[in-house]
Amino acid sequence: MLEGSFRNIITVFGATGRQGGAVASTFLHDPKLKDEWVVRAAVRNVSKESAKQLAEQGAEVVAANLDDKASLVRAMTGAYAAFGVTNYWEKVNMQYEIQQGKNLADAAKEAGVQHYIWSSLDDVKKISKGKLQKVYHFDSKAEVEDYVRTLGIPATFFLAGFYMSNIPEDLFKPMPTADGNNSSLVWTFKIPCAASTPIPTFDTRDTGKYVKAIVRNRDVLLGKRFLGANAYITVQEMVDAFARAFPEEAGKTARFLQVSDEVYRASLRSQGSPEFIVDELAEMGRLLDEYGYFGGEPLEESLKYVEDPLPYAAMSSEMGGRVPHGPPRTEFTGNFIDNAFVLSNAERWLLVLDPCTKAVLTRVPKSNPDEVRQAVDSCVAAFSIWSITNKGERQDRLLLLSSLIRMHEAEIASTIVDESGRTFPDALSEVRRGIDMVKFAATPTASLWIAILVQNAGFPPGCLNIVHGDGEVARWIAKEPGIQAVSVVGSETTGDALWTESCLHRKRIQANVSSYNHAVIMPDSPKDFAINAVIESTFGAAGQRCTAPRIAVLVGSACEWIEAMVARASRLVVGDGRETKVDLGPVITASAKTKILAQIEDALREGAHLELDGRQNACTTNPKGSWVAPTAVQYLPTRYSSACRVQFYFQQVIFSRRLISMELMQSGPSHLSGIIQISKL
């Protein structure tokens, strides 16, 4: 790297793709790089949404076409370093890719680039001593590497390992059992190589870390090959890891199936692959089995330069499958319409705050009627396709989606924690419950995660659309002629408004709004079980569990358990849900906290007794957070007062020493559930 107070430029080609996108992201956000480098993102279409997002993150976005050498020279002029990558599978044409690679090399030389990093691969013809002649996507990049060397450009050659994303797409998928029974699918890794074949694991999101190592060690790596993989693992280890990661789907049935070259070719032909693709993929299998990816070359010589951990590649190898890019954490979060992320034209935006720190995580739009209509039109179009898709294919898509969600459950749960204040175990439990239904009503970023996985599962565009907004957007949804049914989870005010609007337009509606649920505890209930069930249900999910009991109705001698229940609640640890040993996070917003405190005050004015007071700030490490510690109120109402109208975000328990009449319980504002703790019926 050149010395001086200014920042050097690195031109990144394919900056909206997998490898290039990861490089751009690392150089934009890495603490050691962002102050040293300017990222010049070279893309074909600067108006593309992903290109705009790069610009918002600080990249200089320029137009460049790999077929137009002059545009490549302009993109690299003034740059100290450049990352070049081509995509064979875009045209599936070896000579076309070679020409694009040569155009990049010529432009790098003409622009005077001081460090050119070419994304290369092995020369399979050379490795196999001429026995394998048709692994075109390797040999094309290798030929470009040879060309770069003849030009005398100061260059390093990055060789990506085996894309783990290829596994569930092409190699590991649900298949019928040997008897051909489609009702009994098993996850099968089918490939023409031995179970002991070692494969170097690579996830594209780690590309930036490898390139970081290359540029920071330029002088020793000029002219060298740098292997991009974190470890060799065998095919059988991949299958075993997949089974461990997905015990419900694959734990007992995941299998490896080694097939012959002839059988593998026949399988590819049955999927409609042209003969030259059949040849290429079959020879790729032979490369892995007979010669080894990277020719079996050790990884240590490259890995010793990598400063950062490689969690994505490690996770890929452990999960044995696809790790799609998650939604980027950007200043503005767009909508998801017709299988694409689009930035809203909204005039107003809603802040999404970290409930613990009050830091702004992102902004979501108050979308406008046109955007709602676009989403509806997309859904209507999707229905015409999805409704005639055969049952087996729909099942396959849903099975794959549920597996992808399981694969990324930790990342999805983390976004829920960040945006809702829940603890990580609670958020993870929420995701796992959602897997059973493959549906989510989650935080903005978590919902976008699901959108990405829907894309990767191969659903037609429009099957899922996400339009952000507030109650006004919800009312537009209720009015849209193309929508036949509405389901809402939210406040009583929103539910009432949508109910009225939906009925006016003759739509079916399901409204799950503010609830006033009872847990009736009979004296013969198992004491510890009953206490733990009420405490965990009421205080879990940062108060956002609408089916949780708000009133514990203790019957007879069970009234003596109040002290034990209060003691159990007082031991709950309040804090940041991202930390271990935390039982209870903050409530979601400052206004929610204000309402909770006001309701506690109302109850006290009406004669309630405060058994446990959680109104004081419960977390000194994050004083800005919306903290309400567990609160227990002993309350003996003869009627429902304003204090009893407990919203679904209300983090408190109201106790009664005697059974409230069933008539009084049934006359409450609203009920979603009821619990009776009893040993004998």
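Leaving aside neighbours within four places in sequence, which residues is T26 in contact with?

Modeller: Leaving aside those neighbours, T26 is in contact with L33, G208 and K209. Contact here means heavy atoms within 4.5 Å.

A word on the model first. It is a predicted model, in which local features need pLDDT of at least 70 and side-chain atom pairs count only at pLDDT 80 or more, while totals for chains, interfaces and linings use all residues. Residues are numbered from 1 along each chain as its sequence is written, and side-chain values use heavy atoms, with hydrogens and water left out.

Now the setting of T26. It sits in helix 1, residues 18-29. Helices (H or I, at least four residues) and strands (E, at least two) are DSSP runs, numbered from the N terminus. T26 has a relative accessible area of 13%, so it is buried. Buried means under 20% relative accessible area, exposed over 50%, and partly exposed in between, with a 1.4 Å probe and protein chains only.

Two of the partners of T26, G208 and K209, belong to helix 9. Two packed helices are described by the angle between their axes and the distance between the axes. Helix 1 and helix 9 (residues 207-216) pack at about 65 degrees, and their axes are 7 Å apart. Axes are lines fitted to C-alpha atoms, for helices over the stretch in contact, and angles run from 0 to 180 degrees between N-to-C directions. The crossing of helix 1 and helix 9 is right-handed. Helix 1 brings Q19, A22, V23, T26 and F27 to the contact. Helix 9 brings T207, G208, K209, V211, K212 and V215.

F83 lies in strand 4, residues 81-84. Its relative accessibility is 0%, so F83 counts as buried. F83 and F158 are 75 residues apart along the chain, yet their C-alpha atoms are separated by 9.5 Å.

A nonpolar core is a set of buried Ala, Val, Leu, Ile, Met, Phe, Trp, Tyr and Cys residues joined through side-chain atoms within 4.5 Å. This core has 75 residues, of which F13, M76, Y116 and I412 touch the most other members. Helix 5 (residues 94-111) gives the most to this core, seven residues. Domain 1 (1-160) and domain 2 (335-469) both contribute residues, so the core lies between them. The domain bounds come from an automatic or database domain assignment. M76 touches T11, F13, R40, A82, L104, A107, A108, A111 and V113, not counting residues up to four places away in sequence. Apart from this core lies another, of 33 residues, with A15, A41, V85 and F158 among them.

Next, helix 20, residues 444-456. Its 13 residues reach 19 Å from first C-alpha to last, close to the 18 Å expected at 1.5 Å a residue. The expected span is 1.5 Å times one less than the number of residues. Helix 20 is mostly covered, with 11 of its 13 residues buried. W449 and L453 are among the buried ones. G458 follows helix 20 and has a positive phi, near 85 degrees.

Two other residues also have a positive phi. Most residues other than glycine have a negative phi. K129 is not a glycine, but its phi is positive, about 55 degrees. It is found in the loop between helix 6 (124-127) and helix 7 (136-151). With a relative accessible area of 76%, K129 is exposed. F294, also not a glycine, has a positive phi near 65 degrees. F294 is in the loop between helix 13 (275-291) and helix 14 (300-303). At a relative accessible area of 4%, F294 is buried.

Last, the whole protein. It has 26 helices and 25 strands. Of its 681 residues, 53% count as buried. Among contacts with a separation of 6 or more, 73% join residues 24 or more positions apart.

Notes: Left-handed = near helix turned anticlockwise from the far one by under 90°.
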